[in-house]
Amino acid sequence: MRDYVTFILNNEVQTVSGLAGDTTLLAWLRRTRRLTGSKEGCAEGDCGACTVVFARLDAGGSVVWRPVNACILFLGMLEGASITTIEGLSDGAGGLHPCQQAMVDFHASQCGFCTPGFVMSLFAAWCNGDGLEAEAIDDTLAGNLCRCTGYRPIVDAGLSLVRGDLPASELARRQTEAELMAKIAHSDTVRLVDDRAESNVAFVTPTTADEFTDFYSDNPNATIVSGATDVGLWVTKQQRHLPVMLWTGRVDCFKKATETDGHIRIGPAVTHQQVLSGLAARWPDFGETMRRFGSLQVRSSGTVCGNIANGSPIGDLPPMLIALSAEVELTAGPKMRRLALEAFFLDYGVQDRQKGEFVSAILLPLAQVTHFRCYKISKRFDQDISAVMAAFNITVANDMITTARVAFGGMAATPKRARHVETALEGAHFTEASFRAAAAHMIDDFKPISDMRASGAYRLQVARNLVVKYGLDLTGAGSVRLAGRSGLSLAGARGM
């Protein structure tokens with residue numbers, strides 16, 4: 001076990017030690033390296049002003065670039081990776097990078113505070129060769145906020161980058177980046193900690209599943225970190241002291257989503273963006289909802305298992321997974337168990353997870369599904385928390401509804417199935433009237449609370465309406481989709 005982290009910063013190898021494990025990349029960039037182009041706006045991964053580009057080699061040895069929020073990315077998560085900041089885009093002779101020049105050419109910067117983040121989001125898409133097209137550019141930029149409201153010229157700048165050959169300086173930069181990442185690839189565990197600090201925090205990065213499992217069994221009070229899109233806020237916003245953090249991101253088998261035994265098995269370190277294209281191809285509504293899940297920066301870091309393990313009652317993933325009969329796999333030492341996902345959530349912030357047990361996989365059945373639909377109700381289309389999230393999945397035979405799974409988020413202390421609604425649907429005729437009748441049973445399933453996002457009465461009415469909307473969608477009684485488009489954008493959806 002070594003006590004330092006090795007990574008690439010703007011194509012230079014960095015070796016960092018003696019820092020507390022909860023040090024964020026943004027704090028280190030600005031305070032230690034004095035690279036102040038990356039801005040701190042929200043410190044919670046929403047505004048995108050701190051966006052940098054994070055690159056790793058995929059299983060085939062190719063480089064994949066991702067925009068990430070530096071404000072909630074812990075330094076220990078950089079082991080073996082390459083980070084490019086706004087300062088690293090110059091061609092070496094003082095000239096602007098094409099992504100920067102496009103912003104100048106289209107007068108796309110006003111006050112300038114958000115501009116570095118926008119440039120880096122464009123740079124990631126430019127590197128991947130995906131996400132700058134007219135149908136994708138809005139999704140690419142959804143995680144960057146401009147308070148000066150200059151979106152049109154920024155979009156135009158992005159669209160202009162679809163054309164053109166790569167300059168020689170960029171080809172050389174990419175070659176150097178790949179060579180350096182291959183050179184610093186190590187397989188030993190890292191433990192980053194500042195032992196001199198009064199409140200030291202250790203960040204531990206095992207490289208094998210057995211090592212990870214054994215460490216957590218011996219240290220069950222450690223905080224497991226995957227994408228840090230939630231845990232990062234515990235540090236930056238809640239000022240929590242987390243003495244030991246254990247990262248999933250260096251275990252190779254944790255980073256895989258595989259088809260096995262009739263299931264899609266999603267490992268603990270698989271990001272939302274990594275599985276987006278595959279899930280969207282199988283279940284289009286899943287992909288359409290995931291496009292509105294956080295932002296590209298959040299999806300590039302956040303993981304499916306991490307989202308489930310933290311169990312938000314207003315999360316968008318659990319209702320969809322529950323409707324698809326997903327299971328959760330839990331591991332503690334040599335023991336492993338599986339349970340239906342809906343049974344995992346016990347109460348607000350409480351899951352059926354025993355001491356030393358972690359979410360080792362989410363299992364999605366590969367059974368053919370034809371009537372799966374999802375509906376996210378929020379005040380904004382992009383990057384907003386749901387007031388109500390609903391997912392439906394029924395089977396139909398001989399014009400009769402034979403089975404029904406209906407799950408909601410935002411309606412109770414946990415993601416929850418609408419059992420009375422399901423009972424009303426099962427055995428009913430496959431008609432609009434059956435869905436309207438079932439909607440009346442929503443009051444038997446939920447008594448939602450009022451909060452800043454919606455009143456309880458609003459939530460209940462919306463939930464009833466969504467049951468009807470689902471019926472109208474399936475029975476062809478009318479076109480009732482209010483948002484979305486037939487050509488789902490999967491910008492940057494290539495696996496990491």
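Tutor: The answer below begins with the sheet and then turns to the core.

This is a predicted model, in which local features need pLDDT of at least 70 and side-chain atom pairs count only at pLDDT 80 or more, whereas totals for chains, interfaces and linings use all residues. Residues are numbered from 1 along each chain as its sequence is written, and side-chain values use heavy atoms, with hydrogens and water left out.

Helices (H or I, at least four residues) and strands (E, at least two) are DSSP runs, numbered from the N terminus. Two strands pair if DSSP finds at least two bridges between them. In general, strands of a sheet pair through backbone hydrogen bonds, either parallel or antiparallel.

Here an open sheet is formed by five strands in the order E2-E1-E5-E3-E4, with mixed pairing. Strand E2 (12-17) and strand E4 (63-69) are the edge strands, each pairing on one side only. From one strand to the next, the twist averages 35°; axes are lines fitted to C-alpha atoms, for helices over the stretch in contact, and angles run from 0 to 180 degrees between N-to-C directions. E3 and strand E5 (residues 82-84) run antiparallel and are joined by three bridges. Serine 82 in E5 is the bridge partner of alanine 55.

Helix H1 packs on this sheet, where H1 touches E1, E2, E3 and E5, and its direction makes about 75° with that of E1. Contact means heavy atoms within 4.5 Å. Helix H3 (residues 115-128) lies across E3, E4 and E5 and runs at about 160° to E4.

The core comes next. A nonpolar core is a set of buried Ala, Val, Leu, Ile, Met, Phe, Trp, Tyr and Cys residues joined through side-chain atoms within 4.5 Å. Buried means under 20% relative accessible area, exposed over 50%, and partly exposed in between (1.4 Å probe, protein chains only). In soluble globular proteins, nonpolar side chains tend to be buried together.

The largest nonpolar core has 36 residues, of which Leu25, Phe74 and Val225 touch the most other members. Among the elements that give two or more residues to this core are strand E1 (4-9), helix H1 (25-32) and strand E3 (51-57). Leaving aside residues up to four places away in sequence, phenylalanine 74 touches several residues, including Phe203, Val225, Val231 and Met245. A second, separate core of 35 residues includes Val270, Leu364, Phe372 and Met389.
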